Amino acid sequence: METNDFSQPIRQSTKGILVIFAFNLVKFVKKFFVLFIAFGVSVFRNKSIGNITPTMVILALIGVLIIILIIAILKYLNFKFHISKDDFHLATGIINKDNTIIPKSKIQNVYIKQNFLQQIIDVVSVKIETAGDKKSEIEISALDKPTALLLKKKLFKKAQIDTEAIEDAEQVNEPEVFFKVTPKRLLLEGLSQNHFKSFLLIFGFAFGLYSEFKDFLVELELENHIEGLVELDETAILNLIITNVIIVIGVVLVSFLFSVVKTFIINFNLEVVEHQKTIEINKGLFNKVSLSLTPSRIQNLVITTNRLKQYFGLHTLAVKQAMVNVKQQKNFNIVALEKAQLNYLVDKLLSNYVEDKSNVAKPRPYFMRISALEMFIFGVIINALAWAIFGMEMLWINTVFLPLAVLYVYIAYKKAYYIISEDFVTIGSGVIDTTTNILEIHKIQSVKLKQTIFQRPKAIASVVISTASKSVTIPYVQKSEAISIYNFLLYKVESQDRDWM
């Protein structure tokens with residue numbers, strides 16, 4: 001793209017044809033993958049199905065590729081955008097023409113991405129998002145990076161601000177890298193993750209494979225081998241137990257490896273660049289992202305750590321904004337921060353925030369009853385599965401489960417607290433991880449009292465507080481206290497003449 005003048009309608013880089021073609025091809029393959037595989041195997045096994053030969057199949061695939069390429073070219077030719085004084089304009093469509101106009105003031109996020117293909121052909125994509133519905137999400141697939149950065153700058157620039165004054169101010173206040181993750185800290189971050197989710201993911205994947213190949217396993221007559229276990233001697237049973245232990249250890253190790261690799265790929269070369277009023281996050285290996293955090297647009301801050309992370313001095317800061325793309329929210333996480341760096345960023349993004357420990361309040365002990373009930377239900381499911389798959393011999397698992405269940409209930413209650421100040425709500429929770437949710441009161445969208453039929457006789461209620469990005473809950477407090485919180489928050493929101501973004 002040769003011109004940087006966005007006042008007239010322009011197209012993206014011609015390399016965008018290749019990017020659009022690749023995106024459409026991936027969507028097509030995902031949609032019809034199973035059908036193509038089944039059809040292709042049938043054709044090449046039987047040499048033909050009716051009058052259909054392998055050559056005809058190949059020609060059909062070439063025809064599909066040509067059609068997808070033509071669609072990509074037409075999309076490229078009809079995709080034009082420009083910027084007026086106060087708005088962003090976009091024209092799209094092949095048969096049905098669409099003209100989209102987004103006021104600059106309504107733009108919530110502008111972030112730059114670069115997937116593996118875009119890295120190869122040296123272009124980036126620019127995604128423009130408002131806090132509205134999915135139709136407001138716009139992606140320009142192929143721009144050279146300088147043009148993308150200039151476009152991002154102009155979209156966030158207020159119309160009344162003088163351009164030369166901005167450029168002079170930026171030259172005086174050059175942005176600097178505030179934080180850059182080292183490979184060592186990234187490795188420690190991966191090792192100290194909560195691996196329970198990875199374990200469940202891998203277990204689910206293995207169970208899915210078993211379901212797919214169940215018929216094949218039946219053909220191996222495994223049932224006859226299982227029936228023969230009754231006649232095994234003590235040595236064989238001991239070997240079986242050792243084998244199961246080795247399998248479990250193997251799955252756990254794979255979970256660790258999965259977490260470490262995932263952490264490296266997502267947060268590769270993570271750096272936080274500090275500007276005068278904003279913070280920029282750059283990271284990613286196969287999918288590089290560059291996005292800006294503006295304090296006025298932030299809805300919630302979530303701080304996460306655990307015992308192991310604290311030992312290594314690691315903290316994660318997740319920034320929640322009103323976004324259409326929920327998956328993109330994961331890119332707003334800054335990992336492996338030291339405590340001082342975390343406090344600095346919180347002060348930068350939330351001015352005048354102080355966690356007043358003298359004003360800490362906790363849920364009622366009813367919280368522990370609910371946690372105990374949850375663990376009881378979970379224990380019943382675990383025992384039922386163990387008994388159904390392995391028999392009565394596996395019920396020894398309760399000697400491990402019961403102490404862990406008691407520890408879960410105790411830690412969950414110990415970590416649960418809330419603080420309500422004049423301007424902020426802070427809510428703590430967690431079991432393995434320690435999570436702290438922080439939100440500004442003037443950005444609250446709604447407050448709701450929640451009370452079940454079991455809580456009413458005990459005069460217990462919960463307060464659900466919603467912002468444009470997520471909801472948080474102050475759980476199981478006295479009903480009188482819940483009503484006081486409810487009235488206070490509504491009064492503060494209605495009495496403050498401040499916008500939520």
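**Cores and sheets of a predicted chain**

Phe 179 touches Leu 270, Glu 271, Val 272, Ile 334, Val 335, Ala 336, Leu 337 and Gln 341, leaving aside residues up to four places away in sequence; contact here means heavy atoms within 4.5 Å. The model is predicted, and local features need pLDDT of at least 70, side-chain atom pairs count only at pLDDT 80 or more, and totals for chains, interfaces and linings use all residues. Residues are numbered from 1 along each chain as its sequence is written, and side-chain values use heavy atoms, with hydrogens and water left out.

Phe 179 also belongs to the largest nonpolar core, which has 30 residues. A nonpolar core is a set of buried Ala, Val, Leu, Ile, Met, Phe, Trp, Tyr and Cys residues joined through side-chain atoms within 4.5 Å. Buried means under 20% relative accessible area, exposed over 50%, and partly exposed in between (1.4 Å probe, protein chains only). Along with Phe 179, the members that touch the most others are Leu 293, Leu 301, Leu 317, Val 319, Ile 334 and Leu 349. At least two residues of this core come from each of α6 (183-191), β9 (279-283), β10 (288-293), β11 (298-305), β12 (315-321), β13 (333-337) and α12 (339-349). Helices (H or I, at least four residues) and strands (E, at least two) are DSSP runs, numbered from the N terminus. A second, separate core of 20 residues has Ile 83, Ile 102, Ala 148 and Leu 151 among its members.

Let us turn to the strands. Three of them form an open sheet in the order β1-β2-β3, with antiparallel pairing; two strands pair if DSSP finds at least two bridges between them. Because β1 (80-83) and β3 (98-103) stand at the edges with a single partner strand each, one side of each is left without a neighbour in the sheet. Strand β2 (residues 87-92) is joined to β3 by 6 bridges, and Phe 88 has Ile 102 of β3 as its bridge partner.

Further along, β18 (residues 460-466) and β19 (residues 471-478) pair in the antiparallel sense over 6 bridges. A hairpin of 4 residues links β18 to β19, and Ile 465 stands opposite Val 472 in β19.

Finally, the whole chain can be described. It has 15 helices and 19 strands, and 37% of its 501 residues count as buried. Among contacts between residues at least 6 apart in sequence, 59% join residues at least 24 apart.
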